[in-house]
Amino acid sequence: MTKHIAVLPGDGIGPEIIQQTIRVLDKLIAQGLNADYQYAPLGGAAYDQYQHPYPEVTQNLCRAADAVLLGAVGSPQYDQLERSLRPERGLLAIRKDLNLFGNLRPAVLYPELVNASTLKPEIVSGLDILIVRELTGDIYFGEPRGIHTLDNGEREGINTMRYCESEIRRIGKIAFEAARKRHKKLCSVDKANVLETTEMWRQIINDMSHEYPDVAVSHMYVDNAAMQLVKNPKQFDVIVTGNIFGDILSDEASMLTGSIGMLPSASLNETGKGLYEPSHGSAPDIAGQNLANPLATILSLAMLLRYSFNDEQRARQIEKAVGQVLAQGLRTNDIFETGCQRVSCSQMGDAVLAAL
Ligand code: IPM
Ligand code: MG
């Protein structure tokens, strides 16, 4: 049966990096991959066309698709819009709409790029961490929320951190199973010394650990985890945490590699449907200049094939091609170092295609 992919180029460099990734997808289809794809707007691009960051056309396409491939959303030109119409809201809305609660954010250091990190090579070489971030709960979506005026005339802002048990269990399951396929170490990050929500989080992860006796579980407070990530990041295999802590720690972890332009991500629901996007943002400063690094998006396509289409072979084929172009010394601006060959976004796409 033909699988359907919804492609959302988004804003900023989104369309350029998606264009290169679609060339890779076209090639795989030509080689026999049974899939097709259709485009829809998200974020600012959707606001321009439909006055909404996640319009109905996009909802319909994404709900019907087997997987979603996203470029990036956001651009300063939309900062003045009312909050509910901003590009980021489109991203939060699609996560919630498709129930994409399981966010996988790998932070992998490619041996060729060891000098791109701001940390010493011996601290980061061989780094391979997977952050499993809960994506549809926590303070991001908790009610009550808002800004209102108190009786004394002063304004008060409110957000609510909350998790129910089932939400913790389902993200825990993803994390334990991921750890099982890797080095069997799971570190759960919380703030159980202060926040009851995460005290319960810790209890549930401990409960679940009995079902996974082969996985070594540890717990860490989020402040300590932030410190340990820069002090000794290689102690980690899989990290599981809530939405807000995961947002912060995954940015930190990505920078350990020095090349956020290389990192893909997956956001999954219970059925294996997923949204795949680079970990980096829309980089409006270099948009439209053919300078962006398309590799994180191309690697997101590899994750799509692995997690939504169960096609490990083609996922590896893409990852191998990316490894090959790095070994050839090709570098976009963001990962350039002396002695390498500087290439544009489309030239990087050419090289990946050739390697495929
Ligand atoms: C991310 C981003 C988003 C988030 C923003 C753009 C809403 O920072 O995907 O990490 O906070 O989840
Ligand atoms: Mg973030």
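Tutor: In this predicted model, the second largest cavity is lined by D138, M161, Y163, V189, D190, T198, W201, T241, G242 and F245. The elements that give two or more residues to that lining are β8 and α7 (196-209).

Student: Which residues line the largest cavity, and what volume does it have?
Tutor: The largest cavity has a volume of about 60 Å³, and its lining consists of R105, P106, A107, I131, S250, D251, A253, S254, I260, L263 and S279. The largest share of this lining, four residues, is supplied by α9, while the lining as a whole divides into six nonpolar, three polar and two charged residues.

Student: How do you know that β10 pairs with β5 and with β8?
Tutor: Two strands pair if DSSP finds at least two bridges between them. β5 and β10 have four bridges in the parallel sense, and β8 and β10, which also run parallel, are joined by three, so both cases meet the requirement of at least two. As examples, R133 stands opposite T241 in β10, and S188 has V240 of β10 as its bridge partner.

Student: What makes you say that both faces of β10 are covered?
Tutor: V238 and V240 lie on one side and I239 and T241 on the other, and all of them are buried, a word that stands for under 20% relative accessible area.

Student: Why are the buried residues of α8 said to be on the same side of the helix?
Tutor: In α8 (residues 222-231), the buried residues are V222, A225, Q228 and L229. They cover an arc of only 110° around the axis, and therefore they sit on the same side of α8. What covers them includes β5 (128-134), β8 (185-190), β9 (216-221), β10 (238-241) and α9 (243-256).

Student: Why is I147 called exposed?
Tutor: The relative accessibility of I147 is 65%, and exposed means over 50%, so I147 counts as exposed. I147 belongs to strand β6 and, leaving aside residues up to four places away in sequence, touches R155, E156 and G157.

Student: What is known of the largest pocket, and which residues are closest to its centre?
Tutor: About 1000 Å³ of space lies in the largest pocket. Of the 29 residues that line the largest pocket, the closest to its centre are L104, L130, M303, R306 and Y307. The largest share of the lining, six residues, comes from α6, and by class the lining has 15 nonpolar, three polar and 11 charged residues.

Student: How does the lining of the second largest pocket divide by class?
Tutor: The second largest pocket has a volume of about 740 Å³, and of its 28 lining residues the closest to its centre are E88, L91, L92, R95 and Y140. The lining divides into 10 nonpolar, seven polar and 11 charged residues, with the largest share, five residues, coming from α4.

Methods
Residues numbered from 1 in each chain as written. Chains lettered and ligands numbered in written order. Predicted model: local features only at pLDDT ≥ 70, side-chain atom pairs only at ≥ 80, totals over all residues. Heavy atoms only, no water. Buried < 20%, exposed > 50% of the residue type's maximum accessible area, 1.4 Å probe, protein only. Arc of directions from axis to C-beta. Contact = heavy atoms within 4.5 Å. 1 Å grid on protein atoms, 1.4 Å probe; cavity = no way out; pocket = protein on both sides within 12 Å on 5 of 7 lines; lining within 4 Å. Points joined across faces, edges and corners; volume = space filled by probe spheres on them. Nonpolar A, V, L, I, M, F, W, Y, C, P; charged D, E, K, R; others polar.
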